[in-house]
Amino acid sequence: MNIIILGCNGNIGKFISGNLASDINNKVYGIDLHSKFLGENDKIIYYQNDFLKNGLNKDIKNMISSSKDQVCFIN
């Protein structure tokens with residue numbers, strides 16, 4: 001499953017991102033304002049982005065439209 005987490009650098013976001021990325025069947029994409037991912041799991045594909053101003057990143061839009069796996073959003 002492809003999982004997109006908005007606000008992945010917050011206390012709850014880091015915890016959720018890390019746990020979901022630990023499952024080998026999940027591909028986790030994190031979006032936040034910080035310049036890098038602040039969590040401990042290095043499997044998370046991170047994008048620095050102001051989601052409220054800019055919407056979804058072009059790469060994430062492409063992943064959603066081309067993926068045959070389910071996509072889950074967590075905000």
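The legends below describe an overview and several close-up views of a predicted model.

View 1. Along the principal axes, the C-alpha atoms fill a box of roughly 30 × 30 × 20 Å. Of the contacts between residues at least 6 apart in sequence, 48% join residues that are at least 24 apart.

**View 2. The surface and the charges of the chain.** The accessible surface comes to about 5,000 Å², and carbon and sulfur atoms account for 50% of that area. Buried residues make up 35% of the 75 residues. There are 8 positive and 7 negative side chains in the chain, and the centres of these two sets lie 6 Å apart.

**View 3. Asn 41, in the loop between strand 2 (27–32) and strand 3 (45–48).** Is Asn 41 buried or exposed? With a relative accessible area of 14%, Asn 41 is buried, because the cut-off for a buried residue is under 20%. A polar atom of the Asn 41 side chain lies 3.1 Å from the backbone oxygen of Gly 18, and the side chain of Asn 41 also reaches the backbone nitrogen of Lys 43, at 2.9 Å. Helix 1 spans residues 11–21.

**View 4. Asn 57, in the loop between helix 2 (51–54) and helix 3 (58–66).** Which backbone atom does the side chain of Asn 57 reach? The side chain of Asn 57 comes to 2.7 Å from the backbone nitrogen of Asp 59. Leaving aside residues up to four places away in sequence, Asn 57 touches Tyr 47 and Asn 49.

**View 5. Lys 58, a residue of helix 3.** Lys 58 has a relative accessible area of 63% and is therefore exposed, the cut-off for that class being over 50%. The C-alpha atoms of Lys 58 and Tyr 47 are separated by 11 Å, and these two residues are 11 residues apart along the chain. Tyr 47 is also one of the residues that Asn 57 touches.

**View 6. Lys 27, a residue of strand 2.** At 42% relative accessibility, Lys 27 counts as partly exposed, because this value falls between the cut-offs of 20% and 50%. Apart from residues up to four places away in sequence, Lys 27 touches Met 1, Asn 2, Ile 3 and Ile 45. Phe 51 is 24 residues from Lys 27 in sequence, and the two C-alpha atoms are 19 Å apart in space.

**View 7. Lys 68, in the loop between helix 3 and strand 4 (71–74).** The relative accessibility of Lys 68 is 86%, and Lys 68 accordingly counts as exposed. How far apart in space are the C-alpha atoms of Lys 68 and Met 1? Although 67 residues separate Lys 68 and Met 1 in sequence, their C-alpha atoms are 9.2 Å apart in space. Met 1 is also among the residues that Lys 27 touches.

**View 8. Ile 12, a residue of helix 1.** Ile 12 has a relative accessible area of 61% and is exposed. Between Ile 12 and Val 28, which are 16 residues apart along the chain, the C-alpha atoms are separated by 15 Å.

How values were computed: Residues are numbered from 1 along each chain as its sequence is written. This is a predicted model: local features need pLDDT of at least 70, side-chain atom pairs count only at pLDDT 80 or more; totals for chains, interfaces and linings use all residues. Side-chain values use heavy atoms; hydrogens and water are left out. Buried means under 20% relative accessible area, exposed over 50%, partly exposed in between (1.4 Å probe, protein chains only). Contact means heavy atoms within 4.5 Å. Accessible areas come from the Shrake-Rupley method with a 1.4 Å probe; for residues, only the protein chains shown count as cover. Lys and Arg count as positive and Asp and Glu as negative; His and the chain ends are not counted. The place of a charge is taken as NZ of Lys, CZ of Arg, CG of Asp or CD of Glu. Helices (H or I, at least four residues) and strands (E, at least two) are DSSP runs, numbered from the N terminus. A polar contact is a pair of N or O atoms within 3.5 Å; within protein, one must be able to donate a hydrogen and the other to accept it, and residues adjacent in sequence count only if both atoms are side-chain atoms.
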